[in-house]
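Subject: Structure handover

Hello,

Here is the structure we talked about. Please have it open while you read the notes below.

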Amino acid sequence: MSIIYNALSGALAAQAGLAATSQNVANVMTPGYTRQGVLLASVAPRQTGVLSAGSGVAVPALIRFSDSYKSLQMWSAASDLGQRTTAQPYLTQLEQVMGDEASGINNGLDAFFGALNAASVDPTSTPLRQQIITSADALAQRFNSLTQVLSNQRQAIVQQRNTTITQINGLSKDIAELNKEIAATQGTGVNPSALLDARDKKIDELAGLVALQVVDQADGTRSISLRGGQPLVVGGRSATMSATTNPDGSQTLQVAFASESFVLPKTGLGGELGGLEDYETKTLMPMIESIGDMAEQLADAVNTQLAAGFAPDGTPGVPLFTYDATTAAGMLRVTPGIQGSQLAFSSSATAGGNSDNLLALIGVRSSPITLPGIGSVTLSDASTQLVAKLGMDSQQNQAAMDTAQTVRNQAEESWKSTSGVNTDEEAINLMQYQQMYQANMKVIAVANELFDNTLAMLG
């Protein structure tokens, strides 16, 4: 009977192994699936007074082939990749707009100062004077169009940030619910592997949105916090993240957990949330400020020089541009109603054909202006410097994104080497467990034959 019992335990263990292997093969294409196996343990002989080699084999537990360190590496790589990937579309769009001949400021400046140069041949020519006003209006439109693109990007960032926060809250809630289910199944004999896989997948998605710290707890749950230590998930409870829009258009992020509220820092968030914050604070807002300052200093320089001259009729010069950053019609505009005959090209009220002030006006292009992040630069070089800096930022982010993608790919491969399903390995397991099952069934058959022979002898 002990032989039959041993063989039966072996057959049942082989069935458990076949079941685990079949589950692995069935999920070979399932994203995030962690392969499973069986833990086999020899059972000690029972105290019967009869010499016995043992009492068969047992399956005390199923094995889930998971490496916490490799998972943490994969989630960290997801945060870095999410941060770089989020910023790149904004950088590419702005780089294309500012470098485009049809919308770039450089060509607008060339056309405006080109019209001034053309007028220097005949300062009294009405068509040439009118062309200056036309080119000035086109230049103002380029400034305003670029400002609108920058404003649209900021609005898009606000919308994307709000969407990201909604996703973070949803994933945090899902992870908390999975924590509850996993804790409830601990010690019940139910295999929690599917729940653990689902939770790991949610954590991976969350890591792409914001950088995380993950800590395993004794009850099988995982506590998740932001890089700065602010809690997102503790046991079966999740925090709520929110964004408050300030009067200047910026947003303040907060995390509310239980009765506590935490204001998040502007830097170090990681993931998509960190990518949006970094792009807005380091690239977009300085660019908005630079374009505004450039338009204002251009208007001031041109208007100041015109004020020093006289129109052909001897009247003092009037402003060509008006600058107002608060108006919805555009921050830079040509003075409404101005005519070419009002342009003050002469340095003398009595010499209408004099072009001394026009030549000084042409020289404004070489005058210095000061822009944030760049410093002092000539008006003619300002736009080129801004485009060059933007291109460098875009190139650096693209390189960092490529590196982050490589690190992520390597982290995934490292994770798969431990947790992924290898079809060749599973094929070998199938044969081994099949042979194990057949061998144990053969032992049972031999034991039955021996038992029958023993009964026959006794009869």
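**Pockets**

The second largest pocket has a lining of 15 residues, and those nearest its centre are Thr-147, Gln-148, Ala-325, Thr-327 and Met-331. Two elements, α4 (126-185) and α6 (271-307), each give two or more residues to that lining. Its volume is about 320 Å³. Sorted by class, the lining of this second largest pocket holds six nonpolar, seven polar and two charged residues. Keep in mind throughout that this is a predicted model.

Now the largest pocket. Its volume is about 460 Å³. The lining here comes to 22 residues. Nearest the centre of the largest pocket lie Pro-31, Gly-32, Tyr-33, Met-74 and Trp-415. Three helices supply at least two lining residues each: α2 (68-99), α5 (193-209) and α8 (379-419). Which of the elements gives the most to this lining? It is α5, with five residues. By class, the largest pocket is lined by eight nonpolar, six polar and eight charged residues.

**Salt bridges**

Next, the charged pairs. Side chains of opposite charge can pair when their charged atoms come close. A search of the whole structure gives 15 salt bridges. Three of them are described here.

Take Glu-425 and Arg-35. They form a salt bridge, with the closest N and O atoms 3.4 Å apart. The two residues come from distant parts of the chain, 390 residues apart. Glu-425 sits in helix α9 (residues 423-458). Arg-35 sits in the loop between α1 (2-26) and β1 (36-42). Are these two residues buried or exposed? Glu-425 counts as partly exposed, because its relative accessibility is 34%. Arg-35 has 11% relative accessibility, so this residue counts as buried; the cut-off is under 20%.

Asp-197 and Arg-64 are the second pair. Their side chains meet in a salt bridge at 2.7 Å, N to O. Asp-197 is in helix α5 and Arg-64 in strand β2 (residues 57-64), so the bridge ties together parts that are 133 residues apart in sequence. Asp-197 counts as buried, because its relative accessibility is 9%. This pair also belongs to a network of salt bridges that links Arg-64, Asp-197, Asp-200, Asp-216 and Arg-222.

Arg-408 is buried, with a relative accessible area of 10%. Glu-412 is partly exposed, at 26%.

**The four-stranded sheet**

Last, the strands. Four of them make an open sheet in the order β3-β4-β5-β6, and the pairing is antiparallel. Where are the edges of this sheet? They are β3 (212-216) and β6, each of which pairs on one side only.

Strands β4 (residues 222-226) and β5 (residues 231-234) pair in the antiparallel sense over two bridges. Ile-224 stands opposite Val-233 in β5. Ser-225 stands opposite Pro-231, also in β5. The hairpin of β4 and β5 has four residues between the strands. In that hairpin, Gly-229 takes a positive phi near 100 degrees.

β5 also pairs with β6 (residues 237-238), again antiparallel and over two bridges. The bridge partner of Val-234 is Arg-237 in β6. How many residues lie between the strands in the hairpin of β5 and β6? There are two, and Gly-235 takes a positive phi near 60 degrees in this hairpin.

**In brief**

- The largest pocket is about 460 Å³, and α5 gives the most to its lining.
- The structure has 15 salt bridges, and one of them joins Glu-425 to Arg-35.
- The open sheet runs β3-β4-β5-β6, with antiparallel pairing.

Best regards

Key: Residues are numbered from 1 along each chain as its sequence is written. This is a predicted model: local features need pLDDT of at least 70, side-chain atom pairs count only at pLDDT 80 or more; totals for chains, interfaces and linings use all residues. Side-chain values use heavy atoms; hydrogens and water are left out. On a 1 Å grid over the protein atoms alone, a cavity is a set of points where a 1.4 Å probe fits but cannot get out, and a pocket is an open set with protein on both sides within 12 Å along at least five of seven lines; lining residues have an atom within 4 Å of a point. Grid points are joined across faces, edges and corners, and a volume is the space filled by probe spheres set on the points. Ala, Val, Leu, Ile, Met, Phe, Trp, Tyr, Cys and Pro count as nonpolar, Asp, Glu, Lys and Arg as charged, and the others, Gly among them, as polar. A salt bridge is a side-chain nitrogen of Lys or Arg within 4 Å of a carboxyl oxygen of Asp or Glu. Buried means under 20% relative accessible area, exposed over 50%, partly exposed in between (1.4 Å probe, protein chains only). Two strands pair if DSSP finds at least two bridges between them.
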